[in-house]
Amino acid sequence: MPRTARGGEQTTLQARRRRSAIMTSLVWCASAICLLPLVLITAHLLVGGARVLGPRFFTALPTPPGVSGGGIANGIAGTLLLLLVAAAIGLPIGLGAGLFLAERTRTRLAETVRFLADVLSGLPSIVIGIFVWELIVRPSGQFSALAGGVALGVLMIPLITRATEAMVQLVPNALREAALALGYSRARTSLTIVLRTALPGIVTASLLAVARVAGETAPLLFTAFGTPYWSLRLDAPIAALPLQIFNYATSPYDDWRAQAWGGALVLIVLVFALSWLARRVTESRRERLNATVAGGAAE
Amino acid sequence: MAAPPIPSFATDQSRARESSRQRGVQSIGDRLYGGWITASALVIPALLLLVAVVIAISAWPAVQSLGWRLLTDTTWDVPHARFGLLPALLGTLASSVLALTLATPLAFGAAIFVSELAPPRLRRPVALLIDGLAAIPSVVYGLWALVVLVPWLRRDVMPFVRDTLALGNVPLFAGPAYGPSLLAAALVLTIMILPFIAAVAREVLQAVPRSQREAALALGATRWEMIRDAVLPNARAGLVGAMILGLGRALGETMAVTMVIGNAHLLPTSLFQPAYTIASLLANQFAEASGPLHVSALMAAAGVLLAVTIVVNGFARWLVRRTEQQR
Amino acid sequence: MSREPAVTARPTPAVLARVDVAPDAIHTAAPTLRIHQLTASYGERVAVRDVSLECAPGRVTAIIGPSGCGKSSLLRCVNRLHESVVDARVSGAVHLDGRDVYAHDVDPVEIRRRIGFVSQRPTPFPMMSIRDNVVAGLRAATPRLDARALDACVERTLRRVGLWDEVARRLDDDPASLSGGQQQRLCLARALAPEPRLLLLDEPTASLDPLSTQRVEELVYTLRGDVTVLIVTHNLQQAARVSDTTAFMLDGELIEAARTRALFTTPADARTEAYITGRFG
């Protein structure tokens, strides 16, 4: 090893072992510290959330401060609608762009798009919110669910693009060629063979992307805006769970702040349920794919 | 065999021209499909361009009327039309760099743990937990920081530093102990970018070829020497990339910071004083901006944030890609 | 010959006798395949250089040569699969019964439908049942097909490749449940279902066990007369066993092509002799 005999003075094996042990324990400590916030936040969420959670919390509309019995029904519905709009925008574009990157891998356009997709996914989400405000809210003269959905959709595009590309590239080229050789057109090959084979991975990635944007608050501030009322209209302000949490948490009222914990718990459960579902999809079907792709089950 | 005439086809260099030659016999489905994927791919550069253009146009009035004062003025006074971004810009940089400094050693430690040192049984659970930390929405971090972290800082940490350690006169810890402060923002940012840096760093470390590790172990290296001499040097550029990606995240992070930084237009000179970041400035003022110049100035702020993050992220992606291509 | 050639490189006389049964007497609907001055490249790298080769109708032509000699690329030019790779270029002509598959008005998809292709490793389509795999090519060619006709085709084709008895009761299963040899025969069935008159085999037995290999070779033998077969192999005995004509390629060039027995017993070119006697490759 290059550094064991430094400055003519021989480091003994024992000293090296000790050094290794020290560094190892430091790494253990670092990992523990990394996980500490998770434990703390989970504990606070459970304790704080449990206090306000109840059937009414899911079915009632928000109430003014001091009036008991408020819920987040409109926030849950609003978040789901916003995610639907976002997926309707992010999925077709993200899938198409991902297929493009996977099929034209080494062309200059693909290299550029790949890089720009990374740049896009690194943009602060609040900037996307402002962009959509300028693009939709200002011309139309009102905050709207549509604008909020578009903002979330823009955030989803690069996530789905890169994930689709990665999944499609896992499909062996021989499979693609087998389909082409059978007389499949390029479109049919991509859609029925390649995409179908990569589908579990793409579903997983899409669900993860939905989970990622489900908790986004900043891009909704000036687009969906939020409302204390029930609304599922695309052309009007709409409530969203993250917005409600933000408003409640920063309010001076104790009962609202208590409800923020409940909302946060619901949001976290939603996000983690989506992530869990996403991983389940891949796990159950990836084995089958691997068995085929690896060239046969054991005989 | 009668020699047939030799058709010369596909002799042109570019594939684009080659495929356009085939278009004559392409089916409608193929054309639709090709159109769909190409158009989708072009949406991404178009979007970026549109974001930049839209923000540049909206910011133009403020840039025109205020010029460099936008960046150098330390006062943000809406009624008097003074829009100086310097405190927010410096606050953004200070909170992010501070968070990066705190998060990097911890995140690298966790990455090394998962990819090199953890007992096999712990690897997956720890990796999953760290990913879980990354999945928590920003607003939830903000809520937790506001309700738990800030009061703890105000009650315990700040008095301890100031009185017990008698550091009250050091400028870094000056000011009244409110709680909402640059320190609170930096801490919550640290927690938020930790899992992100750890995840990227883990991928970078796992990309280091097995043969490198085995070569080091075969030479009689201890576990730590293997990491230090074989793994880390190979992963260096990628690890720097992971840090800078984390920095990009911190720069644009909005909600949690807005909730705990105190939102005061002060130059970030003391950890205990409230401050501002560009993102929280936008979050707080954009919805109720008064007058076109105010909106335009906020757009200029968004433009500055956009420029900073694009440069930082572009550089980081370039670094990460370079290490991955070394494989 | 001063040196005793390696025994393994020699076909056994019994096999040769079987192959040589009056090949000229075959009357067939199978096409003649003429490859004319074909050059194929990937970017700067030329994989096939100015190759001309004629494959008689209803016969089996084997292409042998060391790995990387361009034999697979040559094969993939015949059904225009080569051009699906980025940067790939082709020049020259491939005539199928007198018609150039590279003519300007020819749709590559149409050509590929008429030519069967089986690659080195089994490539059953995952997420499709065994039955759907067999008729995948038929479905691509004709959108609406009678279900009974399809079922009949599935049985007929699977019997042809000797797989029917093994999979008859699990036609709706995932092909992943089959062994490698079964998967490869399924791919053969998939290639044969549309009744192609030209079959391209790219080292079809490279990843198979001896028993599966034998089955595939028997099938190729039974196809003679009905189908023109072009088979790429690096297994010399296989070339000797199944083919009527053998072509030897080296570094992208066709060194010589001759009746299989002639090529293996009295090669015209010193390089061919060196290869078949095992001096390289």
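Which residue does T245(C) stand opposite in strand 10 of chain C?

Modeller: T245(C) stands opposite R259(C) in strand 10 of chain C. Before the surroundings are described, some conventions are needed. This is a predicted model, in which local features need pLDDT of at least 70 and side-chain atom pairs count only at pLDDT 80 or more, while totals for chains, interfaces and linings use all residues. Residues are numbered from 1 along each chain as its sequence is written, chains are lettered from A and ligands numbered from 1 in the order in which they are written, and side-chain values use heavy atoms, with hydrogens and water left out.

T245(C) belongs to strand 9 (residues 245–250) of chain C. Strands (E, at least two residues) and helices (H or I, at least four) are DSSP runs, numbered from the N terminus. Strand 9 of chain C pairs with strand 10 (residues 253–259) of chain C in the antiparallel sense, over six bridges; two strands count as paired if DSSP finds at least two bridges between them. These two strands form a hairpin with two residues between them, and D251(C), in the turn, has a positive phi of about 50°.

Strand 9 of chain C is also joined to strand 3 (residues 60–64) of chain C, by four bridges, and these two strands run parallel. There, T246(C) is the bridge partner of A62(C). In general, strands of a sheet pair through backbone hydrogen bonds, either parallel or antiparallel.

The side chains come next. In a regular strand they alternate between the two faces of the sheet. From strand 9 of chain C, T245(C), A247(C) and M249(C) point one way, whereas T246(C), F248(C) and L250(C) point the other way. Six of the six residues of this strand are buried (under 20% relative accessible area, against over 50% for exposed and in between for partly exposed, with a 1.4 Å probe and protein chains only). Strand 9 of chain C is therefore largely enclosed by the rest of the structure.

Chain C also holds an open sheet of four strands, in the order 2-1-4-5, with antiparallel pairing. Strand 2 (45–55) and strand 5 (99–100) of chain C stand at its edges; each has a single partner strand, so one side of each is left without a neighbour in the sheet. Strand 1 (residues 33–42) of chain C is joined to strand 2 of chain C by seven bridges, and the two run antiparallel. Y42(C) has R45(C), in strand 2 of chain C, as its bridge partner.
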